[in-house]
Amino acid sequence: MVKAVVLGASGGIGQPLSLLCKISTLIDELALFDVVNTPGVAADLSHISSKAKIEGFVAAKGDMKGETEETETAKKNALTGADVVIIPAGVPRKPGMTRDDLFNINAGIVKGLVEACAKYCPKAAILVISNPVNSTVPIAAEVLKKAGVFDPKKLFGVTTLDVVRAETFIQDISGERNTDKVVVPVIGGHSGNTIVPLFSQAKPSVDIPGDKLDALVHRVQFGGDEVVKAKDGAGSATLSMAYAGFRFAESVIKALKGEKGIVEPTFVYLPGVSGGDEIAKATGVDYFSVPCELGPSGVEKATNILGSANDNEKKLIDECIKGLKTNIESGVTFATK
Ligand code: NAD
Ligand code: LMR
């Protein structure tokens, strides 16, 4: 039996993600929590005849910070017994903003929600979508450490949308419309030039003309901006993110259930996962997204793919590390102050 929980389930990502979870054959029980509207979202989804039993839990009226006893009980009821918790709670960008501009609001939201996870489902896999991921994952780790329940194998920063974008945008060059056919590892973090697509490691390999490569890399790094601009003040990527978040969650669940050979890039705490020390030493940072082999206990092994990057990609990795250091530090400082 698998229980999944979506925190921030009434939002732009939360609703389509909850829909995908509701129709997944891998999920038996689904709990939705948000500060608003979850009873309605859950009632709506409950009319779908798929197997997952669904329930919505909402904060006390007007308790937008999730601080009252009534809200605590709602979180407790949503999270108890969870195997997988997916967190898309928090504000999205508007044109002209960076993901770091979201820190002031989202840091506190993620901290509060992960504190609840530590209390009510300390063994669950926690998938963090809320931005800025480069900082919210370190915040989550520090909260779990403080509560004495941190299992680095079970904390994942969701960077799958970058992988999905790389797989999609490369089709313009390969002319191949079946995304299952080209796998592109994307490593580093999740914002601007901390996102490093390794097109040299695409499988099967794709011949990318030299004059197209820089634009392709840039498009993957700044794909989020494209959507923010097109939505013109109405938020950022939601539908493609729901797809990506669900794709990653399904991989985690399949691996927890014992399926072998599942590898996904994800932003992890390197010192806590097998193979991570070597990557931490090479990069000088404690958090990095690399392809990780998933298994029944979460991340079984982080793959050090950095060595296979070509010279151009190595320069991108150097840039990425500079940005990541600051982002990680902000998260750790916030959670430990
Ligand atoms: P949204 O505003 O549409 O939805 C956010 C939801 O979070 C709302 O329903 C809100 O009520 C809820 N919420 C706020 N505080 C909460 C709390 N304390 N507890 C529970 N729920 C709470 O935003 P969105 O478009 O769904 O984006 C959500 C987040 O995901 C943003 O931070 C965005 O930047 C991020 N995002 C990440 C990626 C990624 O690749 N990791 C991709 C897209 C968006
Ligand atoms: C994305 O990559 O689409 C998300 O991180 C949302 C954003 O702010 O761009």
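Trainee: Which residues does Val-85 touch, not counting residues up to four places away in sequence?

Mentor: Contact means heavy atoms within 4.5 Å. In this predicted model, Val-85 touches Val-5, Leu-7, Leu-79, Cys-117, Cys-121, Ala-124, Ala-125, Ile-126 and Leu-127, with residues up to four places away in sequence left out.

Trainee: What is the largest nonpolar core?

Mentor: A nonpolar core is a set of buried Ala, Val, Leu, Ile, Met, Phe, Trp, Tyr and Cys residues joined through side-chain atoms within 4.5 Å; buried means under 20% relative accessible area (1.4 Å probe, protein chains only). Here the largest such core has 99 residues, and Val-85, Leu-127 and Phe-288 touch the most other members. At least three of its residues come from each of domain 1 (3–157) and domain 2 (160–336), bounds taken from an automatic or database domain assignment. Another core, of 15 residues, lies apart from it and includes Ile-170 and Val-220.

Trainee: How are helices H6 and H10 packed?

Mentor: Helices are DSSP runs (H or I, at least four residues), numbered from the N terminus. Axes are lines fitted to C-alpha atoms over the stretch in contact, and angles run from 0 to 180 degrees between N-to-C directions. H6 (residues 160–169) and H10 (residues 239–256) pack at about 110 degrees, their axes 8 Å apart. The two are therefore roughly perpendicular, a term covering 65 to 115 degrees. Among the residues in this contact are Val-164 of H6 and Phe-248 of H10.

Trainee: What conventions apply?

Mentor: Residues are numbered from 1 along each chain as its sequence is written, and chains are lettered from A and ligands numbered from 1 in the order in which they are written. Local features need pLDDT of at least 70, side-chain atom pairs count only at pLDDT 80 or more, and totals for chains, interfaces and linings use all residues, while side-chain values use heavy atoms, with hydrogens and water left out.

Technical notes: Buried < 20%, exposed > 50% of the residue type's maximum accessible area, 1.4 Å probe, protein only. Parallel < 35°, antiparallel > 145°, perpendicular 65-115°, else oblique.
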